[in-house]
Amino acid sequence: MESKRIGRPRAFDADEALERAVQVFWAQGYEGASLDDLTDAMGITRTSMYRAFGNKESLFRQALARYTEGPASYFAQALRQPTAREVATTFLHGAVRASTGADCPAGCLGVQGALATGESGRQARDILTAWRESGTAHLRDRFQRAVDDGDLPAGADPGLLARYLMTVGNGIAVQAAGGTTRDELQLVADLTLLSWPPVGA
């Protein structure tokens, strides 16, 4: 009788390993995170990493998706708010919290992950550019609905409001990575909200 081959179960928790990869990419960026850095943090061999997650670019895509569902989930929460002002408030306050958490790297994986990359990091840069542009498009659509519902002035520009809010949010992340404190960044968010929506937008 032909014996059945039974595959050995993975000797690691894939979810936990991916979470650790998120932290490495967040702290070091795409090019700064070497395969040794990643596998050491994930507690697996390169062979196991390739089998479970594919190559480095594939791992990065999965890490970004995990980051979007976890630390950056405030964005989806913001889009669900009933008014444009609450959308802006939830987005900016979430950006401050996510960028300055005590148990995670400072800044934003989606902003800093590939800001300065060479040819080998082009794919990651393109992935993050598309990720940020998708966020801007979602905000634009939400603000268009606010205009249509009369929640924003009829002359408001949804695309400009979305770009404005995303620019402030990205700036908060960059400042956090440079050492600016949560309290200081919260003041920036609050100042932005004082003039929401901006005159002329």
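Analyst: D149 counts as exposed because its relative accessibility is 59% (exposed is over 50% relative accessible area, buried under 20% and partly exposed in between, with a 1.4 Å probe and protein chains only). This is a predicted model, in which local features need pLDDT of at least 70 and side-chain atom pairs count only at pLDDT 80 or more, while totals for chains, interfaces and linings use all residues. Residues are numbered from 1 along each chain as its sequence is written, and side-chain values use heavy atoms, without hydrogens and water.

D149 sits in the loop that runs between α8 (122–148) and α9 (158–177) (helices are DSSP runs of H or I with at least four residues, strands are E runs of at least two, and both are numbered from the N terminus). Together with E86, D148 and D151, D149 forms a negative surface patch (members have over 30% relative accessible area and no salt bridge; like charges are joined within 9 Å, nonpolar side chains of Val, Leu, Ile, Met, Phe, Trp and Tyr within 5 Å). Asp and Glu count as negative, Lys and Arg as positive, with His and the chain ends not counted.

E133 and R163 meet in a salt bridge, 3.0 Å from N to O (a side-chain nitrogen of Lys or Arg within 4 Å of a carboxyl oxygen of Asp or Glu). This pair links distant parts of the chain, as E133 is in α8 and R163 in α9, 30 residues apart. E133 is partly exposed because its relative accessibility is 38%. R163 is likewise put in the partly exposed class, with a relative accessible area of 38%. A separate network, built from salt bridges that share partners, joins D15, E19 and R66.

Helix α8 also holds A137. The relative accessibility of A137 is 21%, so this residue counts as partly exposed. From A137 to A72 the C-alpha distance is 16 Å, across 65 residues of sequence.

S99 counts as buried because its relative accessibility is 4%. Its side chain reaches the backbone oxygen of A95 at 2.8 Å.

Other charged residues are paired. In the whole structure, seven salt bridges are found. One of them joins E16 to R20, with the closest N and O atoms 2.4 Å apart. E16 and R20 are four residues apart in helix α1 (residues 14–32), so about one helical turn separates them. Partly exposed is the class for E16, at a relative accessible area of 40%, and for R20, at 37% relative accessibility. R46 and D36 form another salt bridge through their side chains, at 3.1 Å from N to O. Here R46 lies in helix α3 (residues 46–53) and D36 in helix α2 (residues 35–42), and the pair, ten residues apart, links distant parts of the chain. R46 is partly exposed, with a relative accessible area of 39%, and D36 is partly exposed at 43%.

Of the 201 residues, 42% are buried.

Technical notes: Accessible areas come from the Shrake-Rupley method with a 1.4 Å probe; for residues, only the protein chains shown count as cover. The place of a charge is taken as NZ of Lys, CZ of Arg, CG of Asp or CD of Glu. A polar contact is a pair of N or O atoms within 3.5 Å; within protein, one must be able to donate a hydrogen and the other to accept it, and residues adjacent in sequence count only if both atoms are side-chain atoms.
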